[in-house]
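Thank you all for coming. I would like to walk you slowly through one structure, and here it is on the screen.

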Amino acid sequence: QTGANEGDLLDELTALGKEASTHSIPRSPPLDQVPNIRVELARHLHTQNLSKFLLGGSSLRMPSFERWLLDSKLEETSRLEAMISKSIHNPTLLHPNDKKKYGRAARSFDSDESERTEKDRKLLRESAFAAGQRDASHADRTNFWLHHVERDPILPYHAQESDPSSVRLAQEIMAAAGNGMGEEESKKARYIVRQLCRKASEACNEICQLQERAGRFQKLAANPSKKRKRNDKRRRIDRVSVEWLNEKQLSLVYTQRKKSSAAKDSQKAKPFVVKINSSSYHKLRSMFDLVNKRQTKVSEADVITHAFHCLVFVLVIRYSTLAGAQQINGDLRGGGNQGAVNSEVFGVLSKHFGELGTECFASPFNSTSPRFFSAFPSPDVDGFFGSYGDFYHPPCE
């Protein structure tokens, strides 16, 4: 736009920037809610297997898998959001009539009540307490409820071959094969997509079972007991230590506690290692300290530092998983979802619209403004570094 319209647009954006600058620092999740690293690694390995299944032996590239992963989760969110919106007006939608039906009624019931719909309803029923915000607006109640639905942050729990994301992927498979768009090629592509959806659903179930066994959150400190000796190995916990490689790079080394000391000849568990630039490490530490200063106590400095290292490890693994899960193998292809303009561009934007603003689509790694929205907001891992939430579903506060 040009002329008067351009001036009005600049004035509007400047006003929005000034309004955003008055927002307070978002509340961080409690430090005892750091995501469990074992669960994160399991999710990473499952996603890696999915990408290998799709890309192995074909000419598809990693972006095809990334698009399917992201689009499937967006469709999942839209599906749940629509069901929540209807359920707020009519709560009985989550509790259909369970009476047994026979004949044509039974056939009609089976066709209407799909397995995925029932799974969606179960998820929403488990978090239905969140719908009790009677004094909030419809949109706020919907977002609040959606935030309390416990589902995998990366993998689609029940993607189907007929979903738009799956249809697009099948078309990409046929195009990459270069054998035309005939019926036989279409069947092969749909079979691959159907298997991918099934494997993703199975991976979600296995991750959920692991989370039930290992716990949802990372244990940050040993819980000593008077009945145990001081050097009792059962008090050990999983650790994340830092090894500086040089002035510009460091490694975060995750070591699991031993399950049993009975087998002395057993092999020592191999630690998992991720690398990060020192500039990113110091930036994340500053963001973490700013958001968590209310929870920081001098007497717990070691626990706070360990919590920070665990969170950085989780952060690297999580965003690597979103980019195709190649971090552990050292193959860092993909990662297109971390694209960002450079600091010079943000300098020009700050000059015109004010020093302080809000980034709508960022991450703790690439954020430039202290106020940003991201993919894994509070109470998830990004919340510990100041994320304001999901831009499309902002928090109700």
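Let me start at one spot, where helix 7 is followed by Gly 178, whose phi is positive, near 70°. What you see is a predicted model, in which local features need pLDDT of at least 70 and side-chain atom pairs count only at pLDDT 80 or more, while totals for chains, interfaces and linings use all residues. Residues are numbered from 1 along each chain as its sequence is written, and side-chain values use heavy atoms, with hydrogens and water left out.

Helices (H or I, at least four residues) and strands (E, at least two) are DSSP runs, numbered from the N terminus, and the protein chain has 11 helices and five strands. Helix 7 covers residues 164-177, and its 14 residues reach 20 Å from the first C-alpha to the last, close to the 20 Å expected at 1.5 Å a residue, where the expected span is 1.5 Å times one less than the number of residues.

Which residues of helix 7 are buried? Taking buried as under 20% relative accessible area, exposed as over 50% and partly exposed as in between, with a 1.4 Å probe and protein chains only, they are Ser 165, Ser 166, Leu 169, Ala 170, Ile 173 and Met 174. These buried residues pack against helix 2 (37-55), helix 3 (62-89) and helix 8 (183-214). Of the 397 residues of the protein chain, 39% count as buried.

Now to the aromatic rings. A pair of aromatic rings is described by the distance of the centres and the angle of the planes. Rings of Phe, Tyr and Trp (its six-membered ring) pair if their centres lie within 6.5 Å, and planes under 30 degrees apart count as stacked, over 60 as edge-to-face and the rest as tilted. By this rule the count comes to 14 aromatic pairs. In one of them, the rings of Tyr 281 and Phe 308 have centres 5.5 Å apart and planes at 65°, so the pair is edge-to-face. Tyr 281 lies in helix 9 (residues 278-291) and Phe 308 in helix 10 (residues 301-322), so this pair ties together parts that are 27 residues apart in sequence. Both Tyr 281 and Phe 308 are buried.

Tyr 319 and Phe 376 also form an edge-to-face pair, at 5.2 Å centre to centre and 75° between the planes. Because Tyr 319 lies in helix 10 and Phe 376 in the segment after strand 5 (371-372), the pair ties together parts that are 57 residues apart in sequence. Trp 244, Tyr 281, Phe 288, Phe 308 and Phe 385 form one aromatic cluster.

The segment after strand 5 also holds Ser 387, which is buried, with a relative accessible area of 3%. Its side chain is joined to that of Ser 374 by a polar contact of 2.7 Å, a polar contact being a pair of N or O atoms within 3.5 Å, where within protein one must be able to donate a hydrogen and the other to accept it, and residues adjacent in sequence count only if both atoms are side-chain atoms. The side chain of Ser 387 also reaches the backbone nitrogen of Gly 389, at 3.3 Å.

Finally, a word on confidence: pLDDT is the predictor's confidence in each residue, from 0 to 100, and its mean over the protein chain is 78, with 72% of the residues reaching 70 or more.

Conventions: Contact means heavy atoms within 4.5 Å.
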